[in-house]
Every structure is written in structure tokens, then in C-alpha cells.
Amino acid sequence: MKSQRVAFIIPAYNESSAIGDVILDLKKKASQKKIDFEIVVVDDGSKDDTARVAEKSGATVIRHILNTGSGGATATGLSYAQQNSFDLAITLDADGQHSSDDVVNGIDVANKSKTDLLIGSRLLDSQGMSRVKVLGNKGLSFITYVIFGINATDSQSGLRVFSRKALEQLRWKTSGFEFCSEMLWRAKQIGLKIDEYPIKAIYTDYSKSKGQNNWNAFNIIKSLVKRRVVEVFGE
Amino acid sequence: MKHLSFRRFIFKSAFWIVVFFGLLLAENLYDFLYKEGLTQTEPLSLFDVIQITGVIYVFYLVNRLYVKVDLLERRVQDLHQELSIRVSKK
């Protein structure tokens, strides 16, 4: 039986201090499970050595000429996976927030449940997350529900597993952090099966300084509402 | 995409039908509201109607422009994405 080819997509911006460890740990876990994989780092116009460190650690690196945002970098990585005929693609954060065990376990969960878009939810078991982060993420998940009608406990999670069908059909239009919510909406529009599985959130001082803060939520909400209105009145 | 286009067709058709009947029956509606005491505003002059129509049309044009700019932005993003992948493959 032909083994499943898996692409691990890591969008990264100025992550030279963490990306090496993330790649090496993931390589070790994936090799232990005898997965046919490729790690793809999308360097989103970093000003530091992210690309060089990622290449040295053994990842395939795609360099963005311009910084486009998390959504743009994720789209590039998934496009690469689709063009190279991977069976599954998994996105994860470059700051070490996701455990490699959870990333690799997502493959089994996605295969068993035959899900097209599987989200690793930090809120199904929120141990390790600060109350502020829990509140912020629950708030954005609620906003995602109000604007798009999607019921997800952790709409902002960066750990997602995409089936071949999702790689071929799923597209979105925003390129900042708001793409997390828009992606779910687009998946629902085209009839993809969406599900969640529990993951651990690993917060270090470094990873806490990255990612979204709760004030950024206002910009995300503004962008999502604008997108929704444009869809209603536009082409 | 077909599903989206059909919904958009329905929405746009409904929108323009409402606009059409709104314009067609505006005078009758005004007479009805005035007779029932639901409005006390003076009837609009021809100049007022033209002015309001012009303002609404400007909003419509702005929306169309915004949609075109949005589409252009996405095409540039797609181009950038494809270029980045091809350059990285070399």
C-alpha cells in the first residue's frame, strides 16, 4: 500500500531563535512514526536568519519576497503541498507552541475521522494557557460564530490538518491573522468536513511574546466584518 | 463556485427588483403615508430626487471600485505566492 505523503507547513516570520528546534523535534517524531514527510518553512520576509536556520535544520524553505502576513504564508505553503501532490498537509506555529506529538497525532485523527479540515483545539483542554489567552481565543471563536456561523472552540489555532480535498479546493482572501476565521467559513461554504481534536498549548516566554495579543482582536474583527460586507455587496 | 454564483444571482436580482418597485411606487407610497398621517415631510422636488439618486449612485460606484481593488490585491498576492514557490524551487 502506497504510504501517505505528509507536508508539515511552518509559516515563519523572524523566528530564527525557535525554528531550528521546532524542525528538529518534528523530524525526530515523524521519523519515529515512519511517516513519509517533508517539512516546508515559508519565510514571510523575515529580517533575521530564519530561512538560513530552517535550511540548515533540513527543511525546504520558500522565501517570500515581501511580508504578506500569516494568511499569505500559510496559503503559499498549502499551495506548495497541493502542487507537489501531498496527501495531507499540516500547518503549525514556528514559535514552538505546538508539541510535535500533537502535530503527528493529527495525522491519525484526520485519517480515522476522514476530516477535511481538522483543527487542533487548545481550548478542549486549556491547561497551560493563561486566562487572558483563553478569554481572547474564546472571544474570537465567538466572533467567528456570530459573523460566519461556524461553531469552533478554537478558531484561531495554527495547528490544522488539511486533506487532499481541502488542499485542492480551500482558498481564502485575507492575509493577516484574520485568515484563521475566514478559512473556516470558506471550508463550510464548499462543504468540507470540519472537526477538532484536543492539543496542548506550550507557552514559553518567547512564544508569549509572539502571536496575537487581545488588542489585535479589534483589527481582526474589523477585517472580518469588512470581508463579510464585501462578499454580500461585491462580485 | 457555482453555488456562490447562484446565491449572488438571487441576491442581486432581489436587490434590483426592490429598487425598481421602490422607484416605480415611490409616489404612491408617499401618498399613502401622507394620507395615513405617517409622514409630514413635504414631497421631494425633482432636484431632490436627482440629488439623492446621484449620492446613492456615487456610493454604488465606490463599492464597485473597492471590489475591483480587492480583486487586484488578491491577484498580486497570488502572483507573489507563485513567484516565491518557483524561485525557491530553483
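How many residues of chain A are in contact with how many residues of chain B? In this predicted model, 19 residues of chain A are in contact with 13 residues of chain B, where contact is taken to exist if the C-beta atoms of two residues, placed from the backbone, lie within 7 Å. Because the model is predicted, local features need pLDDT of at least 70 and side-chain atom pairs count only at pLDDT 80 or more, while totals for chains, interfaces and linings use all residues. Residues are numbered from 1 along each chain as its sequence is written, and chains are lettered from A and ligands numbered from 1 in the order in which they are written.

**Chain A against chain B**

- On the side of chain A that touches chain B, at least two residues each come from β3, α3 (70-83) and α9 (216-233) of chain A, the elements being DSSP runs numbered from the N terminus, with helices (H or I) of at least four residues and strands (E) of at least two.
- The most is given by α3(A), with five residues.
- By class, this side of chain A holds eight nonpolar, eight polar and three charged residues, with Ala, Val, Leu, Ile, Met, Phe, Trp, Tyr, Cys and Pro counted as nonpolar, Asp, Glu, Lys and Arg as charged, and the others, Gly among them, as polar.
- The axes of α3(A) and helix α3 (residues 46-89) of chain B come within 10 Å and cross at roughly 55°, axes being lines fitted to C-alpha atoms, for helices over the stretch in contact, and angles running from 0 to 180 degrees between N-to-C directions.
- That angle makes α3(A) oblique to α3(B), given that angles under 35 degrees count as roughly parallel, over 145 as roughly antiparallel, 65 to 115 as roughly perpendicular and the rest as oblique.
- The crossing in which α3(A) passes α3(B) is right-handed, a term used if the near helix is turned clockwise from the far one by less than a right angle, with left-handed used if anticlockwise.
- From α3(A), the contact draws on G72(A), A75(A), T76(A), S79(A) and Y80(A), and from α3(B) on Q77(B), Q81(B), S84(B) and I85(B); these residues divide into three nonpolar, six polar and no charged.

**The sheet of chain A**

- Seven strands of chain A form an open sheet of mixed pairing in the order β3-β2-β1-β4-β6-β5-β7, where two strands pair if DSSP finds at least two bridges between them.
- At the edges stand β3 (60-63) and β7 (194-198) of chain A, each of which pairs on one side only, and the twist from one strand to the next averages 20°.
- Strands β1 (residues 5-12) and β4 (residues 88-91) of chain A run parallel and are joined by four bridges, with V6(A) standing opposite L88(A) in β4(A).
- Helix α1 (residues 19-32) of chain A packs on the sheet and touches β1 and β2 (36-43) of chain A, its direction making about 165° with that of β2(A).

**Helix pairs within chain A**

- The axes of α1(A) and helix α4 (residues 100-113) of chain A lie 9 Å apart, and the two helices pack at an angle of about 45°; they are therefore oblique to each other.
- In this pair, D25(A), L26(A), K29(A) and A30(A) of α1(A) meet S100(A), D101(A), V103(A) and V104(A) of α4(A), a contact of four nonpolar, one polar and three charged residues.
- Helices α5 (residues 131-148) and α7 (residues 179-189) of chain A pack at about 40° with their axes 10 Å apart, and α5(A) passes α7(A) in a right-handed crossing.
- Their contact is made by L140(A), T144(A) and F148(A) of α5(A) with S181(A), L184(A) and W185(A) of α7(A).
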